[in-house]
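Dear colleague,

Please find below the structure that I am handing over to you, followed by an account of what was found in it.

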Amino acid sequence: MGCNCSNITAQEREGMLVRTDAIIESVGTSRESVIPLLQALQNEFGYLPHAALERVYEKTEIDRAQLISVSTFYSQFKHAPSGKHIIRVCTGSACHVKGAGNVYDAFIRELRIGEGEMTTEDKLFSVEKIACLGCCTLAPVVQIDEKIYGHVQPGKIGEVVEDFLSLAEENEKEEKRGERKQVAGEIRLGMGSCCIASGCGDIYKELVEASRQLGIEIHIKQVGCVGVCAKVPLIDVVQPDGSVVRYPNVKAAEIKEILHQHFKAASPLKRLKNSVLEHLHMYHTDTTWDNVVWKPENERMGVIDSFLTDQRHISTEGYGVITPLNINEYCAHGGFEALRKTLASASRSEVVESVLKSGIRGRGGGGFTTGRKWEIVAKSDSRVKYVICNGDEGDPGAFMDRMLLESYPFRVIEGMLLAAYAVGASHGIFYIRAEYPLAVTRIRAAIEICRERKLTGDNILGSEFSFDIEVYEGAGAFVCGEETALIASIEGERGFPRQRPPYPAERGLNGFPTLVNNVETLSQIPFIIKEGDEKFRAIGTKGSKGTKVFALAGKIRHGGLIEVPMGMTLNHIVEKIGGGVEGDARLKAVQVGGPSGGCIPAELCDVPVDFDAFDRMGAMMGSGGLVVLSDKDCMVDVARYFLEFSCEQSCGKCTFCRVGIKRMLGILDKITSGKAESADIDKLEQLALNIKKASLCGLGRTAPNPVLTTIKYFRKEYEEHVKGICATGVCKAMVKYVVDDNCTGCTKCAKACPVDAIAYVPYEVHHIDTAKCVQCGLCIDECTFDAIHKVPLNKADGAII
Amino acid sequence: MKIRINDKETEVSEGEKVIEVARRLGIGIPALCYAPGFKHRASCMVCVVKELTGGRMIPACSTPVAEGMDIQTESEEVKQLRAMSLELLLSDHRADCEAPCSTVCPYGLDIELMLGLYDTGRLEEAHALIAAAFALPVLGCEGCKVPCEKACRRASVDKAVPIRTVIGELAKKHEPPRVETKAKTKKETEEAILFQSRLGRFTESEKELLKDSVTTPSGCLHCACEGREGCKLRLYSAEAGIKRTRYEMSSASPAMTKLRVTDTIRFEPAKCIKCGLCVYNSNDGFTFSDRGFGMQVVLPAESAGNVGASLCEICPTGALYIGK
């Protein structure tokens with residue numbers, strides 16, 4: 001790491017050191033505080049300046065070796081300043097199959113970013129890829145600073161950037177006016193997984209424009225989403241009394257009417273002033289942050305009905321009703337009843353027994369019987385024990401844990417409290433990805449509320465049981481979802497998994513017994529205790545009990561977040577809940593479990609959702625991403641995509657994962673570029689099987705699954721690739737774009753082409769210059785005469801794809 | 001407590017590692033990232049053995065024994081995995097064990113060693129080596145097709161080291177040597193060559209770097225590995241009968257970069273297998289940077305003083321060694 005701040009003045013440097021000292025003062029100087037310290041420094045400076053790091057060596061126990069080791073391991077940390085605005089192109093699985101690669105390339109091209117660079121010359125924008133933004137139903141998705149753009153097409157890059165810049169300009173003006181501004185109310189514009197899809201930008205603009213015309217200052221807040229992604233765009237109007245009125249499928253033309261309805265022009269300010277200011281006050285102080293999206297909604301109908309009918313809500317109980325941070329509402333729905341009942345009348349062993357009997361298995365991926373883990377920790381007579389809630393959900397295409405943490409924080413906390421009581425722990429940690437800022441904020445706020453209500457802290461609800469909870473932010477490493485790596489990271493080390501045994505349940509954090517449970521697992525515990533293990537056991541299959549939350553995305557009509565009873569078939573999920581494959585395509589496969597899971601072919605999609613059934617197919621429940629693939633998707637490309645993710649996320653500790661996966665990727669690169677021979681498929685399979693056997697941790701042991709399942713079920717496609725044919729035309733190196741005689745010379749494609757590969761020749765048949773073409777697909781989308789096709793590169797008159 | 005190793009039951013004590021038990025019983029298990037008495041964490045997976053009760057492959061070096069374990073150390077499956085882990089490490093190991101010039105010399109002259117003596121001004125010793133190989137005054141190079149110069153690594157950077165010219169110069173200018181040196185015969189040289197790791201092709205940037213940085217009198221890059229004598233990677237690869245890796249060769253570290261850690265200690269990142277022994281056993285010295293395939297073992301310049309010579313002894317390859 002060379003010096004990255006050579007061009008700052010002595011004065012700037014001095015200021016930097018003062019700020020660094022203040023941060024060190026507030027965060028701490030122990031070796032364990034290295035990650036929070038680096039996070040705080042990066043928040044302050046936007047990157048990790050050399051001078052600040054030198055100060056850290058001087059003033060803390062953290063030495064050079066530790067700091068370099070940690071700061072280069074986690075992807076959150078930056079060693080060089082980036083642009084003023086950061087464009088994050090989501091490369092999650094759902095975005096990938098919808099062309100995120102082209103979108104990324106388009107940003108690099110349009111913003112004229114040099115090769116190997118990521119920042120524009122004027123330092124205005126930096127472009128980076130991000131594993132998953134969790135807005136899978138809006139794919140492809142791009143986030144610029146805080147703003148999310150859905151369905152971004154390579155041809156719309158200019159518009160997106162322009163829109164962002166005009167918004168940024170307005171925001172600055174707003175900030176300047178801010179002090180004098182009086183806000184009449186709040187309008188929430190659904191974002192995240194559902195709303196932005198069709199014309200959210202228009203709605204936003206209309207809201208700004210209409211409020212200005214009507215003289216009503218409103219706070220336009222962009223909020224997340226918990227599932228129903230088909231009723232978009234969707235806005236919630238927060239009335240002065242705090243109640244919310246929802247408008248699904250809203251159109252720009254209706255905005256003014258809605259505003260009139262709620263904020264009558266007859267000098268509303270005075271009347272509302274007090275209540276609104278009070279509301280704002282609460283919002284800013286974060287005590288009862290009532291940022292709810294889901295309020296009672298009577299107008300559920302049509303799509304929403306079919307989407308919801310077959311679902312079963314346990315983790316997501318109170319779906320559409322409960323305000324995330326309203327503890328009274330949670331209690332009114334039976335919240336903390338399980339805890340009360342337990343503390344009043346159940347022994348610790350009875351709780352463990354109940355969880356064991358319920359048959360619940362860990363939702364984080366491995367499917368280990370939760371009760372067994374509890375038993376081991378409970379048995380230990382250690383003075384100190386920990387409970388960790390694993391919220392380091394990093395799978396591309398999965399956002400269940402985030403949604404649970406954001407929308408049902410109290411349920412997860414209650415689950416943790418029950419676990420802590422059962423195993424005799426006194427200290428709990430929520431480990432949440434830093435990429436989930438809202439989840440972090442909500443959980444922090446919820447813990448605070450619980451403390452006020454005597455639900456955490458000393459002598460909870462007047463009992464002997466005491467338990468404290470803190471929040472730890474992960475710094476961006478998929479491998480930290482592995483429990484021993486997660487513990488290493490809390491201890492201030494790089495996220496290297498550790499040798500098991502001893503299991504964390506025996507010797508975990510700081511050497512003490514530690515119960516690590518996934519968010520979703522904990523969120524099912526209150527139900528088991530409150531309703532009884534028999535009732536939980538009655539749901540599901542022989543080996544998999546209860547419900548499972550999935551993120552349903554990809555080539556599906558109605559994607560979103562769903563919770564279904566174990567045992568429901570994939571076909572049922574795709575057809576009944578998801579409304580089938582989108583467009584006129586056919587179902588080809590369902591990718592389950594992200595990078596550790598596999599692809600289940602359409603003909604086997606009558607498989608029930610079940611840990612063991614998935615395992616038998618070579619797939620894996622994983623944490624619960626369901627990406628629907630159609631006959632327009634190339635399975636070799638899908639396998640390569642997940643493997644590339646695993647390769648980037650490998651910690652590097654053991655040979656098989658560090659080098660083996662890289663070599664697998666090398667072979668897949670050869671296959672997808674048409675340079676492979678058929679022996680390579682066997683070589684790939686052999687390598688994959690051995691990596692699965694001999695890697696040290698779960699990441700390596702499961703990373704080959706996407707490749708192995710696609711070879712198993714779609715070997716024909718691999719063989720075609722070896723022969724130089726990618727039947728879907730997804731593998732760019734194997735196809736070219738050609739114009740046929742249907743071309744009328746309308747010049748639409750020539751105008752659309754971002755790289756001038758099509759000459760502007762009106763009324764003549766156009767021609768695509770293959771050398772220039774970047775295969776972004778814009779011309780095909782633009783052409784109204786179906787005259788542009790992808791054809792195999794190695795055949796002169798190849799079949800049209 | 002009791003466990004079984006290769007079908008034999010044996011008494012073990014709590015906390016013992018599988019590899020310790022095996023070695024105690026005289027069962028050899030190869031291991032790179034393990035050094036008795038030093039801190040280590042499973043990494044190389046060369047010590048992999050099969051635990052039959054759970055059916056899992058485990059690293060013998062760091063798995064503690066547990067009641068009822070049934071360990072198999074020599075099955076085909078285990079051997080195959082071991083060989084694969086070595087092959088994978090070798091695919092990321094862009095280094096020559098022996099200099100190609102030395103391996104091709106029909107007279108068995110260790111040319112790289114001779115050039116090393118020449119480059120450091122020890123001309124008499126260099127001469128002695130030549131004399132032993134060629135039975136001077138008849139110079140073997142006369143009429144030789146000089147495969148050494150064709151094989152020379154420097155040739156792929158700019159131009160080959162003029163080996164024949166150097167030999168001629170030494171033979172002409174200097175008195176017959178007083179130093180007695182017995183050169184190895186060609187057969188002996190062949191036998192001594194355990195396994196040849198291959199450097200592969202230099203990248204353009206590596207070529208530029210080498211062109212500018214290598215300024216020995218002969219121009220020799222000294223590509224032979226100085227740590228090859230004690231290299232376990234080489235030893236185990238030879239034992240496993242590996243000729244060369246079946247996988248694509250690439251590495252995240254530049255080839256042929258020799259860093260001076262102290263006056264005597266040298267570090268060559270390209271030969272490092274990232275096992276971490278030097279990291280875990282130095283205090284604020286070596287450390288890891290980055291992750292995954294791009295992970296490197298690095299030594300911040302400021303921390304060079306924290307590195308002791310004992311680390312050279314535990315490095316399983318020629319990445320960290322006492323320089324000549």
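**Chain A as a whole**

In chain A, 71% of the contacts with a separation of 6 or more are between residues 24 or more positions apart; a contact here means heavy atoms within 4.5 Å. Please note that this is a predicted model, in which local features need pLDDT of at least 70 and side-chain atom pairs count only at pLDDT 80 or more, while totals for chains, interfaces and linings use all residues. Residues are numbered from 1 along each chain as its sequence is written, chains are lettered from A and ligands numbered from 1 in the order in which they are written, and side-chain values use heavy atoms, with hydrogens and water left out.

Chain A has 801 residues, of which 60% count as buried. Buried means under 20% relative accessible area, exposed over 50%, and partly exposed in between, with a 1.4 Å probe and protein chains only. The accessible surface of this chain is about 31,100 Å², and carbon and sulfur atoms contribute 49% of that area; the areas come from the Shrake-Rupley method with a 1.4 Å probe, and for residues only the protein chains shown count as cover. The secondary structure of chain A consists of 30 helices and 19 strands. These are DSSP runs numbered from the N terminus: helices are H or I with at least four residues, and strands are E with at least two.

**Confidence**

The predictor assigns the complex an ipTM of 0.92 and a pTM of 0.87. For chain B the mean pLDDT is 89, and 93% of the residues score at least 70; pLDDT is the predictor's confidence in each residue, from 0 to 100. Within chain B, confidence is lowest in helix α9 (residues 186–192), at a mean of 56, and highest in strand β8 (residues 287–289), at 97.

**An enclosed strand in chain A**

Strand β9 (residues 386–391) of chain A is largely enclosed by the rest of the structure, because 6 of its 6 residues are buried. In a regular strand, side chains alternate between the two faces of the sheet. In β9(A), A:Tyr386, A:Ile388 and A:Asn390 point one way, whereas A:Val387, A:Cys389 and A:Gly391 point the other way.

β9(A) pairs in the parallel sense with strand β10 (residues 427–433) of chain A over 6 bridges, and A:Ile388 stands opposite A:Ile429 there. It also pairs in the parallel sense with strand β12 (residues 514–518) of chain A over 5 bridges, where A:Leu515 is the bridge partner of A:Val387. Pairing requires that DSSP find at least two bridges between the strands.

**Cysteines**

How many disulfides does the structure hold over all chains? There are 0, a disulfide being a pair of cysteine sulfur atoms within 2.5 Å. For A:Cys654, the nearest cysteine sulfur is that of A:Cys657, 5.3 Å away. A:Cys654 is buried, at 6% relative accessibility, and A:Cys657 is likewise buried, at 7%.

**Two further sites**

A:Phe45 lies in helix α2 (residues 34–45) of chain A and counts as buried at 13% relative accessibility. Beyond its neighbours within four places in sequence, A:Phe45 is in contact with A:Met16, A:Arg19, A:Thr20 and A:Ala52.

In chain B, helix α11 (residues 232–239) has the buried residues B:Leu233, B:Arg234, B:Tyr236 and B:Ser237. Their cover includes α1 (18–24) and α2 (76–91) of chain B. Just after α11(B), B:Gly241 takes a positive phi of about 70°.

Yours sincerely
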